[in-house]
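Please open the structure in a viewer and keep the sequence at hand.

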Amino acid sequence: IYLVIHRFHALTVGNYRIPVKLPFLPNGVGSLLDVTRARYEWDMAERTATAQPQARNGHLDWQPFTRERFEELVGSNQTVLVDFTADWCLTCKVNEKGALADPAVAQAFEAAGIKVMVGDWTRPDPAIARFLEQRGRAGIPLYLFYGADGRVTELPQILTVDALTALSTPVKAADATLQPDA
(Lines give C-alpha, C1' and ligand atoms only; values in the text may rest on other atoms or scores of the structure.)
Protein backbone atom coordinates (compact mmCIF):
# COMPACT_ATOMS: atom_id res chain seq x y z
CA ILE A 1 0.00 0.00 0.00
CA TYR A 2 2.86 2.39 0.79
CA LEU A 3 4.16 2.18 -2.77
CA VAL A 4 0.69 2.81 -4.17
CA ILE A 5 0.24 5.84 -1.90
CA HIS A 6 3.72 7.12 -2.74
CA ARG A 7 3.05 6.75 -6.48
CA PHE A 8 -0.31 8.47 -6.06
CA HIS A 9 1.42 11.44 -4.44
CA ALA A 10 3.90 11.57 -7.29
CA LEU A 11 1.01 11.80 -9.74
CA THR A 12 -0.82 14.55 -7.84
CA VAL A 13 2.06 16.93 -7.11
CA GLY A 14 1.66 20.33 -8.69
CA ASN A 15 -1.26 22.52 -9.60
CA TYR A 16 -2.78 19.87 -11.80
CA ARG A 17 -4.09 16.43 -11.06
CA ILE A 18 -3.64 13.47 -13.38
CA PRO A 19 -6.72 11.26 -13.23
CA VAL A 20 -5.69 7.81 -12.07
CA LYS A 21 -7.95 4.77 -12.11
CA LEU A 22 -6.74 1.93 -9.96
CA PRO A 23 -9.37 -0.80 -10.42
CA PHE A 24 -7.21 -3.46 -8.75
CA LEU A 25 -7.44 -1.81 -5.32
CA PRO A 26 -9.79 -3.29 -2.73
CA ASN A 27 -12.68 -1.22 -1.36
CA GLY A 28 -11.60 1.42 1.13
CA VAL A 29 -8.10 1.95 -0.29
CA GLY A 30 -9.40 4.71 -2.57
CA SER A 31 -10.61 6.58 0.52
CA LEU A 32 -7.22 6.06 2.16
CA LEU A 33 -5.57 7.56 -0.91
CA ASP A 34 -7.93 10.55 -0.78
CA VAL A 35 -7.15 11.14 2.91
CA THR A 36 -3.43 10.78 2.27
CA ARG A 37 -3.56 13.18 -0.69
CA ALA A 38 -5.56 15.68 1.39
CA ARG A 39 -2.96 15.50 4.19
CA TYR A 40 -0.16 16.02 1.64
CA GLU A 41 -1.92 19.04 0.14
CA TRP A 42 -2.51 20.43 3.66
CA ASP A 43 1.21 20.06 4.45
CA MET A 44 2.22 21.76 1.20
CA ALA A 45 -0.24 24.63 1.80
CA GLU A 46 1.11 25.08 5.34
CA ARG A 47 4.70 25.06 4.09
CA THR A 48 4.09 27.69 1.41
CA ALA A 49 1.51 29.82 3.27
CA THR A 50 4.03 32.03 4.99
CA ALA A 51 7.00 33.72 3.37
CA GLN A 52 8.01 35.38 6.64
CA PRO A 53 11.13 34.44 8.59
CA GLN A 54 10.59 31.32 10.62
CA ALA A 55 12.41 29.44 13.33
CA ARG A 56 13.39 26.03 12.04
CA ASN A 57 14.12 23.43 14.71
CA GLY A 58 13.26 26.09 17.31
CA HIS A 59 16.76 27.58 17.36
CA LEU A 60 17.93 29.62 14.39
CA ASP A 61 15.90 32.45 12.86
CA TRP A 62 15.76 31.14 9.30
CA GLN A 63 14.72 33.49 6.52
CA PRO A 64 13.40 32.13 3.23
CA PHE A 65 15.95 32.46 0.44
CA THR A 66 15.18 35.09 -2.14
CA ARG A 67 17.82 36.50 -4.43
CA GLU A 68 16.84 40.06 -3.44
CA ARG A 69 17.13 39.47 0.32
CA PHE A 70 20.35 37.50 -0.13
CA GLU A 71 21.96 40.31 -2.16
CA GLU A 72 20.75 42.86 0.40
CA LEU A 73 22.41 40.96 3.27
CA VAL A 74 25.66 40.24 1.42
CA GLY A 75 25.75 43.79 0.02
CA SER A 76 25.57 45.22 3.55
CA ASN A 77 28.56 43.06 4.63
CA GLN A 78 26.45 40.74 6.79
CA THR A 79 27.70 37.23 7.45
CA VAL A 80 25.21 34.77 5.98
CA LEU A 81 24.81 30.99 5.98
CA VAL A 82 22.63 29.77 3.11
CA ASP A 83 21.19 26.27 3.32
CA PHE A 84 19.70 24.75 0.16
CA THR A 85 17.57 21.83 1.29
CA ALA A 86 14.48 19.75 0.49
CA ASP A 87 12.09 17.57 2.45
CA TRP A 88 13.12 14.54 0.38
CA CYS A 89 16.87 15.05 1.04
CA LEU A 90 17.98 12.57 3.70
CA THR A 91 21.38 14.25 4.26
CA CYS A 92 19.61 17.60 4.70
CA LYS A 93 17.28 16.13 7.32
CA VAL A 94 20.20 14.59 9.24
CA ASN A 95 21.95 17.98 9.32
CA GLU A 96 18.73 19.76 10.36
CA LYS A 97 18.14 17.37 13.26
CA GLY A 98 21.84 17.29 14.18
CA ALA A 99 24.32 20.15 13.87
CA LEU A 100 21.85 22.82 12.71
CA ALA A 101 19.55 22.08 15.66
CA ASP A 102 22.29 22.27 18.27
CA PRO A 103 21.85 25.14 20.77
CA ALA A 104 25.61 25.85 20.67
CA VAL A 105 25.30 26.70 16.96
CA ALA A 106 22.35 29.01 17.58
CA GLN A 107 24.21 30.77 20.41
CA ALA A 108 27.40 31.17 18.35
CA PHE A 109 25.49 32.49 15.32
CA GLU A 110 23.45 34.91 17.42
CA ALA A 111 26.56 36.22 19.21
CA ALA A 112 28.36 36.73 15.89
CA GLY A 113 25.32 38.21 14.11
CA ILE A 114 25.26 35.49 11.44
CA LYS A 115 22.06 35.53 9.39
CA VAL A 116 20.68 32.22 8.15
CA MET A 117 18.67 31.66 4.99
CA VAL A 118 17.01 28.51 3.71
CA GLY A 119 16.34 27.75 0.06
CA ASP A 120 13.64 25.07 0.04
CA TRP A 121 13.96 22.99 -3.11
CA THR A 122 11.32 20.43 -2.10
CA ARG A 123 9.47 21.53 -5.20
CA PRO A 124 11.99 22.71 -7.79
CA ASP A 125 12.22 26.49 -7.90
CA PRO A 126 13.70 28.15 -11.02
CA ALA A 127 15.38 30.91 -8.97
CA ILE A 128 17.10 28.37 -6.71
CA ALA A 129 18.01 26.21 -9.72
CA ARG A 130 19.71 29.22 -11.38
CA PHE A 131 21.58 30.05 -8.17
CA LEU A 132 22.79 26.44 -7.83
CA GLU A 133 23.82 26.39 -11.49
CA GLN A 134 25.83 29.60 -11.05
CA ARG A 135 27.70 27.85 -8.23
CA GLY A 136 28.38 24.85 -10.47
CA ARG A 137 25.96 22.61 -8.59
CA ALA A 138 23.10 20.52 -9.90
CA GLY A 139 21.69 19.36 -6.58
CA ILE A 140 21.52 19.62 -2.85
CA PRO A 141 22.45 19.77 -0.05
CA LEU A 142 24.50 22.91 -0.49
CA TYR A 143 25.69 25.01 2.44
CA LEU A 144 27.36 28.33 1.65
CA PHE A 145 28.88 30.71 4.18
CA TYR A 146 29.38 34.33 3.12
CA GLY A 147 31.78 36.16 5.41
CA ALA A 148 31.62 39.90 6.06
CA ASP A 149 34.91 40.16 4.14
CA GLY A 150 33.23 38.79 0.99
CA ARG A 151 34.85 35.36 1.24
CA VAL A 152 32.57 32.47 0.27
CA THR A 153 33.06 29.06 1.88
CA GLU A 154 31.27 25.96 0.67
CA LEU A 155 30.68 23.72 3.65
CA PRO A 156 30.75 19.93 3.44
CA GLN A 157 27.50 18.04 2.97
CA ILE A 158 27.73 16.52 6.44
CA LEU A 159 27.79 19.35 8.99
CA THR A 160 29.26 19.27 12.49
CA VAL A 161 28.68 21.52 15.45
CA ASP A 162 32.41 22.35 15.58
CA ALA A 163 32.53 23.36 11.92
CA LEU A 164 29.47 25.59 12.29
CA THR A 165 30.54 27.26 15.53
CA ALA A 166 33.99 27.89 14.01
CA LEU A 167 32.25 30.11 11.44
CA SER A 168 31.38 32.56 14.22
CA THR A 169 35.06 33.37 14.80
CA PRO A 170 36.47 35.36 11.85
CA VAL A 171 40.00 33.92 12.07
CA LYS A 172 38.73 30.37 12.45
CA ALA A 173 36.16 30.82 9.69
CA ALA A 174 38.85 31.83 7.22
CA ASP A 175 41.21 29.01 8.24
CA ALA A 176 38.72 26.24 8.96
CA THR A 177 39.04 23.14 6.84
CA LEU A 178 35.46 22.24 7.82
CA GLN A 179 36.09 18.52 7.64
CA PRO A 180 33.51 16.17 9.16
CA ASP A 181 34.50 14.70 12.51
CA ALA A 182 35.94 11.19 12.36
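**Stop 1**

Select E71 and R67, whose side chains meet in a salt bridge with an N to O distance of 2.9 Å. A salt bridge here is a side-chain nitrogen of Lys or Arg within 4 Å of a carboxyl oxygen of Asp or Glu. The model is a predicted one, in which local features need pLDDT of at least 70 and side-chain atom pairs count only at pLDDT 80 or more, while totals for chains, interfaces and linings use all residues. Residues are numbered from 1 along each chain as its sequence is written, and side-chain values use heavy atoms, with hydrogens and water left out.

Now display helix α3, residues 67-75: E71 and R67 are four residues apart in this helix, and therefore about one helical turn separates them. Helices (H or I, at least four residues) and strands (E, at least two) are DSSP runs, numbered from the N terminus. E71 is partly exposed at 45% relative accessibility, and R67 is also partly exposed, at 31%. These classes follow relative accessible area: buried is under 20%, exposed is over 50%, and partly exposed lies in between (1.4 Å probe, protein chains only).

Next, select E72 and R69, which form a salt bridge of 2.6 Å, N to O. These two residues of helix α3 are three residues apart, which means a separation of about one helical turn. E72 is partly exposed at 48%, and R69 is partly exposed at 25%.

**Stop 2: helix α4**

Move to helix α4, residues 90-97, where K93 and E96 lie three residues apart, about one turn of the helix. The closest N and O atoms of their salt bridge are 2.8 Å apart. Is E96 buried or exposed? E96 is buried, with a relative accessible area of 6%, whereas K93 is partly exposed at 25%. A search of the whole structure finds six salt bridges.

**Stop 3**

Finally, select strand β5, residues 142-146, together with β6; the strands pair in the antiparallel sense over four bridges. Pairing requires that DSSP find at least two bridges between two strands. L144 has E154 of β6 as its bridge partner. Five residues lie between the strands of this hairpin, and G150 in the turn has a positive phi of about 95 degrees. Within β6, residues 152-155, T153 and L155 make up the covered face, and V152 and E154 the uncovered one.
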